[in-house]
Amino acid sequence: MTASGRPKSGIAHCPICSSHEESVTEYIASKLTLRRFTRGEVVCTQEEPCHGLYIIGKGTAKVFRLTAEGKETVLAVLSSGDTFGEASLHQKRHSESIAAMSDLEVFFLRQCDLEQTLKQHPTLYPSVINAMVRWVDRLNLVIDNISTSSARERVAKYLRTLSAETASPRGDVNTIELPFKKHEIALMLGLRPETLSRAFNDLEQDGTIRLDHKKIHILNASSL
């Protein structure tokens with residue numbers, strides 16, 4: 001389902017937009033089209049022509065690939081401010097599929113407008129490159145998960161990654177705010193929700209972390 005709209009506030013959390021001056025953000029906003037999807041609806045499919053950049057304004061979406069046998073592998077869960085489709089600058093087809101995990105609002109920037117935006121505002125290039133680097137980091141996490149059979153170690157690796165990116169040191173305690181709901185994290189890590197919960201409980205019981213709703217306090221980083 002698609003609707004026209006260019007609310008600048010909808011892209012306020014997008015690193016490509018928010019890290020630049022107001023005039024650049026306004027220019028990008030003027031080129032956007034707002035698209036709405038319901039839970040389970042597919043935004044784009046693997047091998048489908050890639051026509052531009054997507055910016056998530058509201059809701060969550062999963063990025064996944066299907067094998068020849070139809071098995072689904074979730075590569076990432078995206079939320080407000082996340083982008084996908086940067087590859088439209090150098091390839092013609094999506095290498096992954098995207099589907100809404102909740103009611104979803106996505107802002108779409110056509111490939112031609114993305115190219116024109118970068119020509120007029122070349123300072124945006126580092127932000128686009130950083131977004132691509134984040135994709136590589138996510139893929140590396142998926143590869144690590146495939147090679148790691150232990151649920152505890154998968155969760156520990158995920159927490160180490162979050163800690164490196166977002167932890168706020170408070171004495172000997174690092175506090176991490178989980179960016180997604182636990183069932184979404186389980187999906188990313190290739191675990192059942194109950195298996196994820198057990199792994200969190202194991203880490204808490206051995207004194208490595210302390211759970212506080214969506215916050216994780218790392219009590220013993222060397223054990224993580």
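Which helix gives the most to the lining of the second largest cavity? Helix 4, residues 125–147, does, with 4 residues. The views below come from a predicted model.

**View 1. The second largest cavity is lined by seven named residues: D82, T83, E86, A131, R134, W135 and R138.** Its volume is about 30 Å³. Helix 4 supplies 4 residues of this lining, the largest contribution. By class, the lining holds 4 charged, 2 nonpolar and 1 polar residues. D82, E86, R134 and R138 are the charged ones, because Asp, Glu and Arg count as charged. A131 and W135 are nonpolar, because Ala and Trp fall in that class.

View 2. Helix 3 gives the largest share, 3 residues. Helix 1 (15–18) and helix 3 (111–120) each supply at least two residues. A search of the whole structure finds 2 cavities of 30 Å³ or more.

**View 3. Y125, I129 and V133 make a nonpolar surface patch.** The patch covers about 270 Å². V133 belongs to helix 4. How accessible is V133? Its relative accessibility is 42%, so V133 counts as partly exposed.

**View 4. R36 and E105 form a salt bridge.** Their closest N and O atoms are 3.4 Å apart. R36 sits in strand 1 (residues 33–37) and E105 in strand 8 (residues 104–110), so the pair ties together parts that are 69 residues apart in sequence. R36 is partly exposed, at 35% relative accessible area. E105 is partly exposed too, at 23% relative accessibility.

**View 5. E96 pairs with R65 in a salt bridge.** The closest N and O atoms lie 3.0 Å apart. Distant parts of the chain are linked here: the two residues are 31 residues apart. E96 is in the loop between strand 6 (83–84) and strand 7 (97–100), and R65 is in strand 4 (residues 61–66). Is E96 buried or exposed? E96 counts as buried, because its 15% relative accessibility falls under the 20% cut-off. R65 is partly exposed, with a relative accessible area of 32%.

**View 6. E153 forms a salt bridge with R160.** The closest N and O atoms of this pair are 3.0 Å apart. E153 is partly exposed, with a relative accessible area of 27%. R160 is also partly exposed, at 33%. How many salt bridges does the count reach? It comes to 6, and the pairs shown here are among them: R36 with E105, E96 with R65, and E153 with R160.

Note on methods: Residues numbered from 1 in each chain as written. Predicted model: local features only at pLDDT ≥ 70, side-chain atom pairs only at ≥ 80, totals over all residues. Heavy atoms only, no water. 1 Å grid on protein atoms, 1.4 Å probe; cavity = no way out; pocket = protein on both sides within 12 Å on 5 of 7 lines; lining within 4 Å. Points joined across faces, edges and corners; volume = space filled by probe spheres on them. Patch = residues over 30% accessible without salt bridge, like charges linked within 9 Å, V, L, I, M, F, W, Y side chains within 5 Å. Areas by Shrake-Rupley, 256 points an atom, 1.4 Å probe, with all protein chains shown as cover. Salt bridge = Lys/Arg side-chain N within 4 Å of Asp/Glu carboxyl O. Buried < 20%, exposed > 50% of the residue type's maximum accessible area, 1.4 Å probe, protein only.
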